[in-house]
Amino acid sequence: MPRTSHLIDDPLYYSHLQEWKLYERTPKERAKLSFERSIAMGRANNLTLKDIVTLSPAFWNSHRDPILALDAAAGTLYTIHCNLALGTLCSYLPYCHDPELANLLKRMAKMEVNGQFCMTEIGHGLDAENMETRATWSLGKGHWVLHTPRPEAGKYMPPTTPYGDHGVPCVATVFAKMIVDEEDQGIRPFLVNIHDGKRMYEGVSTRLLPPREGSNPVLHSITYFENVKLPAGAMLEYPSQASESGPPSNSFEQSALNLRLTQSKLAFELAASRVSVGALALSLGAASAIKISANIGWLYSWRRLVGPVPGDKKVKSKSQIPIISFSTQQNPILTAVARAYVLDAFHDWVTEVFSGRDPYPTTLRIRHSLAAVSKAITIQFASHACYTISERCGAQGLFHVNMMSRMHSELRGIAIAEGDILGVAIRLVNELILNKYSLPKSRDPGSLLARHEQGLLDECREIMKASGPNHRSPLTNTYILPRCQKIVEAIGHRMAYDAAVESVKRQIHVGTTGIVIPECVIDLFEASIVRLDEGWYIENIPGFSRKMIEEKEVKALGGVMKIAGYLVERWGLVKGGYIKAPIASDKMWGNFVEGLEKFGGHTIE
Ligand SMILES: Cc1cc2nc3c(=O)[nH]c(=O)nc-3n(C[C@H](O)[C@H](O)[C@H](O)COP(=O)(O)OP(=O)(O)OC[C@H]3O[C@@H](n4cnc5c(N)ncnc54)[C@H](O)[C@@H]3O)c2cc1C
């Protein structure tokens with residue numbers, strides 16, 4: 001059971017009757033509520049600094065908690081705070097010996113101080129390596145000066161406004177070019193006070209962006225720094241790097257001068273490493289959107305009947321049938337169920353590997369890639385589930401209150417935040433085809449999905465051979481770039497399939513379901529993936545045809561349909577109070593309609 005389960009009954013999380021009334025509030029009021037929810041989530045999860053540094057099961061479970069899907073704005077604030085901000089700062093603590101930092105981290109862990117992470121610049125986006133914000137070392141004065149040299153260097157998106165006078169101070173890890181002795185020494189993170197809960201600190205300003213459409217609002221902002229003085233220790237640095245290029249020195253100024261550009265790329269990658277933790281964490285949260293959509297679609301499709309209303313004497317008693325009887329209703333729901341189960345097995349495995357609890361040896365780049373793979377397939381499945389299932393709920397599916405269209409909008413944000421899927425995929429595929437490293441190999445290279453993955457990679461290697469090992473050549477641009485996201489998805493599909501098969505072999509209960517994945521679920525997962533690139537399988541697997549693919553899928557769908565009610569129930573979403581959509585039950589619908597604003601309706605005498 002998630003540590004936050006009691007919050008569902010808390011006034012902070014409204015009952016289904018009141019949930020829709022939230023939409024009458026202004027975006028700023030709703031954002032304030034989400035902020036309060038994020039604090040409540042943080043306190044309920046009660047993660048220790050050790051949980052955050054070691055990426056403990058409690059850390060990952062807090063992101064698998066379905067409460068994140070109830071209000072992704074609160075989830076966003078929670079994960080920025082505990083992963084990006086606190087996670088980055090924690091990693092420097094052992095090297096700083098700074099009691100003030102230790103005290104700040106303790107307060108942040110208790111949610112008394114809010115943490116933000118300012119990396120992206122409005123004028124640079126994915127091209128963060130070329131950011132312009134600079135921190136200049138004042139020679140002889142012993143401090144840094146943090147400055148936004150032009151509006152395009154404003155930090156984009158982190159919600160740094162003290163809106164709502166909530167009184168919770170905010171600090172941020174701000175990435176800036178380190179300038180020492182007029183020399184650009186590369187990008188480093190700096191700890192910066194942003195506001196005291198009511199007022200911005202001197203030299204720091206922020207402009208509030210309008211809300212994103214469709215999502216629960218977050219107060220995204222653009223943040224600027226005007227010659228903000230920072231103490232020497234504000235720069236976060238692993239001292240071992242400083243000593244690599246110069247003699248160890250007690251003088252901070254001396255060690256800062258000793259840093260050389262050769263180290264800066266590594267320092268930046270290390271400092272930004274919580275971004276890939278975030279990519280994986282966000283993908284765990286996104287998986288809840290698949291389960292919630294499938295659950296709502298399943299319940300609605302049983303409730304929604306077609307045919308003449310019984311009671312009419314001319315009509316036979318079994319005149320109405322639920323729309324779940326139609327294959328067009330079943331297919332997207334059952335596919336989502338199968339994908340969610342397989343993803344649970346994959347997420348169980350990938351979090352263990354990422355945290356170093358699985359014997360597979362990883363490096364920073366491999367962990368980064370695994371996070372990218374996880375994010376690519378989870379968002380792919382979640383967006384598909386929210387979109388297709390909400391369509392199958394007709395007009396109801398369009399309403400925010402029925403959750404699916406809102407979650408779909410929020411998934412679009414997740415796809416971009418903490419590693420834009422396409423951008424990360426381009427880098428990953430280029431590195432793989434240039435054999436810079438390799439990802440965990442398939443346990444079953446003869447499986448359909450492993451052959452597909454290998455086939456797509458081989459095609460790219462052929463193209464790369466023709467163009468030379470230049471990832472910026474016109475040939476690469478034309479033929480490899482458009483394939484990258486698809487390849488990363490193919491890698492993820494194979495890994496997820498392997499993880500599911502392995503979990504069955506070892507009789508492991510996946511996620512929090514308490515059950516081993518039934519075979520028909522894995523078959524349906526495989527069939528649904530083959531469907532995504534039918535042409536490749538028909539071209540490359542002897543004897544494959546569209547008819548054969550269809551038959552495999554139909555058989556698997558039939559198997560899953562028989563146990564779908566049980567599979568959905570095992571998620572515990574209805575019981576736990578996570579299904580807030582009024583269309584999920586007659587009672588919820590009745591309560592919802594009763595709560596709607598009413599006009600007229602007086603009895604005519
Ligand atoms: C919900 C949300 C929360 C966020 N929170 C934070 C936060 O807390 N802190 C923070 O620092 N940032 C945050 N961000 C910003 C996020 O990190 C950036 O949006 C992301 O890095 C992409 O930058 P961009 O939006 O400027 O896109 P751009 O850089 O403009 O990219 C747009 C598109 O251009 C193409 N493109 C760009 N470069 C290349 C290339 N080299 N090769 C091929 N195609 C390319 C891709 O199609 C890409 O999708 C957040 C974003 C979102 C959506």
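This section describes the overall form of a predicted protein model and then the surroundings of selected residues.

The model is predicted, so local features are reported only where pLDDT is at least 70 and side-chain atom pairs only at pLDDT 80 or more, while totals for chains, interfaces and linings use all residues. Residues are numbered from 1 along each chain as its sequence is written, and side-chain values use heavy atoms, with hydrogens and water left out.

The protein chain contains 22 helices and 11 strands; these elements are DSSP runs, helices being H or I with at least four residues and strands E with at least two, numbered from the N terminus. The radius of gyration is 26 Å, close to the 25 Å given by the globule rule for 605 residues, so the chain is as compact as a globular protein of that length. This radius is taken over C-alpha atoms, and the globule rule is 2.2 Å times the number of residues to the power 0.38. Along the principal axes, the C-alpha atoms fill a box of roughly 95 × 75 × 40 Å.

Of the 605 residues, 55% count as buried, where buried means under 20% relative accessible area, exposed over 50%, and partly exposed in between (1.4 Å probe, protein chains only). The accessible surface of the chain comes to about 27200 Å², and 54% of this surface belongs to carbon and sulfur atoms. Among contacts in the chain with a separation of 6 or more, 75% are between residues 24 or more positions apart, a contact being defined by heavy atoms within 4.5 Å.

Glutamate 237 is located in the loop between strand E9 (228-231) and helix H8 (239-244) and is buried, at a relative accessible area of 11%. Its side chain is joined to that of arginine 188 by a polar contact of 2.6 Å. Arginine 64, in helix H4, is likewise buried, with a relative accessible area of 19%. A polar contact of 2.8 Å links the side chains of arginine 64 and aspartate 348. Beyond residues up to four places away in sequence, arginine 64 touches Leu284, Ser288, Asp344, His347, Asp348 and Gly511.

Alanine 74 belongs to helix H6 (residues 72-96) and has a relative accessible area of 0%. Its contacts, leaving aside neighbours within four places in sequence, are with Tyr13, Ser34, Arg37, Ser38 and Met41. Not counting residues up to four places away in sequence, isoleucine 583 touches Ile296, Tyr300, Arg303, Cys393, Gln396, Asn402, Met404 and Trp589.

Histidine 147 is part of strand E3 (residues 143-147) and is partly exposed, with a relative accessible area of 21%. Apart from neighbours within four places in sequence, histidine 147 is in contact with Thr133, Arg134, Phe225, Glu226 and Asn227. A polar atom of the histidine 147 side chain lies 3.1 Å from the backbone nitrogen of asparagine 227. The C-alpha atoms of histidine 147 and valine 228 are separated by 6.5 Å, although the two residues are 81 residues apart along the chain.

Positive phi angles were found at two loop positions. Leucine 55, which is not a glycine, has a phi of about 55°; this residue lies between helix H3 (49-54) and helix H4 (57-64) and is buried at 8% relative accessibility. Aspartate 181, again not a glycine, also has a positive phi of about 55° and is placed in the loop between strand E5 (170-180) and strand E6 (183-195).

Technical notes: Accessible areas come from the Shrake-Rupley method with a 1.4 Å probe; for residues, only the protein chains shown count as cover. A polar contact is a pair of N or O atoms within 3.5 Å; within protein, one must be able to donate a hydrogen and the other to accept it, and residues adjacent in sequence count only if both atoms are side-chain atoms.
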